Amino acid sequence: MREIFEHYPTDCAAAVTPDIWSDGDIAVTSHAAKSLYGPNAKTAAAWCALGARSDGRSGDFSFWVMVFKHLSTEEIAASPV
């Protein structure tokens, strides 16, 4: 996907998309994802990460990866042993 945007001028909105979520609260966002998507919260976070990555929003990509990991950690902690 990156190759597609290499041909856009630097002032093009598609080439430079600002981060939206990079300064968000991971725990709050994880809780909201679980409330909205239930057992599909990790999938939703993964889709958000993929969307941010394809848009070139590296801060948002990192944020959504951390949300995904947080949801995974909560899932492991909640599962019976």
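Trainee: Where is Ala27 found, and is Ala27 buried, partly exposed or exposed?

Mentor: Keep in mind that this is a predicted model. Ala27 lies in helix 2. Buried would need under 20% relative accessible area and exposed over 50%. Ala27 has 40%, so the label is partly exposed.

Trainee: How far apart are Ala27 and Leu71 in space, C-alpha to C-alpha?

Mentor: Along the sequence, 44 residues separate Ala27 and Leu71. In space, their C-alpha atoms are apart by 8.8 Å.

Trainee: What about Ser30: which residues does Ser30 contact, leaving aside neighbours within four places in sequence?

Mentor: Ser30 also has its place in helix 2, which covers residues 26–37. Its relative accessibility is 0%, so Ser30 counts as buried. The C-alpha of Ser30 is 7.8 Å from that of Ala41, 11 residues away along the chain. With neighbours within four places set aside, the contacts of Ser30 are Val67, His70 and Leu71.

Trainee: Which element gives the most to the largest nonpolar core?

Mentor: That core has 8 residues: Ala33, Ala41, Ala45, Ala49, Phe63, Trp64, Val67 and Leu71. Two or more of them come from each of helix 3 (41–55) and helix 4 (58–78). With 4 residues, the top contributor is helix 4.

Trainee: How far does helix 4 reach from its first C-alpha to its last?

Mentor: Helix 4 has 21 residues. At 1.5 Å a residue you'd expect 30 Å, and the model comes close to that. The computed reach is 30 Å.

Trainee: Which helices are included in what covers the buried residues of helix 4?

Mentor: Start with what is buried there: Gly59, Asp60, Phe63, Trp64, Val67, Leu71 and Ser72. Residues three or four places apart in an α-helix point the same way, because there are 3.6 residues a turn. The cover over the buried residues includes helix 2 and helix 3.

Trainee: How are the rings of Phe63 and Trp64 arranged?

Mentor: A search of the whole structure turns up 1 aromatic pair. The ring centres of Phe63 and Trp64 are 5.2 Å apart and the planes sit at 80 degrees, so the pair is edge-to-face. Phe63 counts as buried because its relative accessibility is 1%. Trp64 has a relative accessible area of 7%, so Trp64 too is buried, and the arrangement of the rings is edge-to-face.

Trainee: Which ring does the charged end of Arg53 sit over?

Mentor: The charged end of Arg53 is 5.0 Å from the centre of that ring. The ring belongs to Phe61.

Trainee: Which side chain does Arg57 join through a polar contact of 3.2 Å?

Mentor: Arg57 is in the loop between helix 3 and helix 4. Its relative accessibility is 9%, so Arg57 counts as buried. The side chain at the other end of the 3.2 Å contact is that of Asp55.

Trainee: Zooming out, what share of the contacts with a separation of 6 or more comes from residues 24 or more positions apart?

Mentor: The protein chain has 4 helices and 0 strands, in the order α-α-α-α. Of its 81 residues, 20% are buried. For those contacts, the share from residues 24 or more positions apart is 66%.

Terms used:
Residues are numbered from 1 along each chain as its sequence is written. This is a predicted model: local features need pLDDT of at least 70, side-chain atom pairs count only at pLDDT 80 or more; totals for chains, interfaces and linings use all residues. Side-chain values use heavy atoms; hydrogens and water are left out. A nonpolar core is a set of buried Ala, Val, Leu, Ile, Met, Phe, Trp, Tyr and Cys residues joined through side-chain atoms within 4.5 Å. Buried means under 20% relative accessible area, exposed over 50%, partly exposed in between (1.4 Å probe, protein chains only). Rings of Phe, Tyr and Trp (its six-membered ring) pair if their centres lie within 6.5 Å; planes under 30 degrees apart count as stacked, over 60 as edge-to-face and the rest as tilted. A charge sits over a ring if NZ of Lys or CZ of Arg is within 6 Å of the ring centre and within 35 degrees of the ring normal. Contact means heavy atoms within 4.5 Å. The expected span of a helix is 1.5 Å times one less than its number of residues. A polar contact is a pair of N or O atoms within 3.5 Å; within protein, one must be able to donate a hydrogen and the other to accept it, and residues adjacent in sequence count only if both atoms are side-chain atoms.
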